[in-house]
Amino acid sequence: MKKIFAKNLRDKQVVSSDGVTLGVLNNIIMDIRSGSIEDLVVKPDIALEKKKYKEDGDFILMPFGSVRAIKDYIVVDKTMSLASAAEPPVTEG
């Protein structure tokens, strides 16, 4: 994937691979040890059924591994995004 500055990602529209608007990118979650991006923090579209996705307050989390393209908008693989909602939350300790 081409290198992109994080500041250019904020406020980009996030859509699923089948063309459904999921929302707007608000932030990213990174692993500070490895520097890898873990999740996209997305402000969901008002029409989106949030319960299908992994939620964090008013936002939904998309695993970065589900990203398929970043151009004028961010395209995520719908099946990977939905599958992440079924995963139990990871806690440190």
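## Helix and strands

The protein has 1 helix and 7 strands. Helices are DSSP runs of H or I with at least four residues, strands are DSSP runs of E with at least two, and both are numbered from the N terminus. Along the sequence the pattern reads β-β-β-β-β-β-β-α.

This is a predicted model, where local features need pLDDT of at least 70, side-chain atom pairs count only at pLDDT 80 or more, and totals for chains, interfaces and linings use all residues. Residues are numbered from 1 along each chain as its sequence is written, and side-chain values use heavy atoms, with hydrogens and water left out.

## Confidence

pLDDT is the predictor's confidence in each residue, from 0 to 100. The protein averages 86, and 86% of the residues score at least 70. Strand β1 (residues 13–16) has the highest mean among the elements, 96. Helix α1 (residues 78–85) has the lowest, 75. Where pLDDT is low, the predicted coordinates should not be read in detail.

## The sheet

The 7 strands form an open sheet. Their order is β4-β5-β3-β2-β1-β7-β6, and the pairing is mixed. Two strands pair if DSSP finds at least two bridges between them. Strands β4 (54–56) and β6 stand at the edges. Each has a single partner strand, so one side of each lacks a neighbour in the sheet. From one strand to the next, the twist averages 40 degrees. Axes here are lines fitted to C-alpha atoms (for helices, over the stretch in contact), and angles run from 0 to 180 degrees between N-to-C directions.

## Strand partners

β2 and β3 pair in the antiparallel sense over 7 bridges. Here G23 stands opposite P44 in β3. The hairpin of these two strands has 6 residues between them, and G35 takes a positive phi near 80 degrees. β3 is also joined to β5, by 4 bridges, and these strands run antiparallel. L40 has M62 in β5 as its bridge partner. β1 and β7, by contrast, run parallel, joined by 3 bridges. V14 has I74 in β7 as its bridge partner.

## The core

Buried residues (under 20% relative accessible area, with exposed over 50% and partly exposed in between; 1.4 Å probe, protein chains only) make up 30% of the 93 residues. A nonpolar core is a set of buried Ala, Val, Leu, Ile, Met, Phe, Trp, Tyr and Cys residues joined through side-chain atoms within 4.5 Å. The largest one has 14 residues. V14, L22, L40, M62, I74 and V76 touch the most other members. The elements that give two or more residues to this core are β2 (21–30), β3 (37–44), β5 (59–63), β6 (67–70) and β7 (74–76).

## Two residues up close

Contact means heavy atoms within 4.5 Å.

L25 lies in strand β2. Its relative accessible area is 2%, so L25 is buried. Leaving out residues up to four places away in sequence, L25 touches several residues, among them L9, K12, V14, L40, V42 and I74. L25 and Q13 are 12 residues apart along the chain, yet their C-alpha atoms are separated by 6.3 Å.
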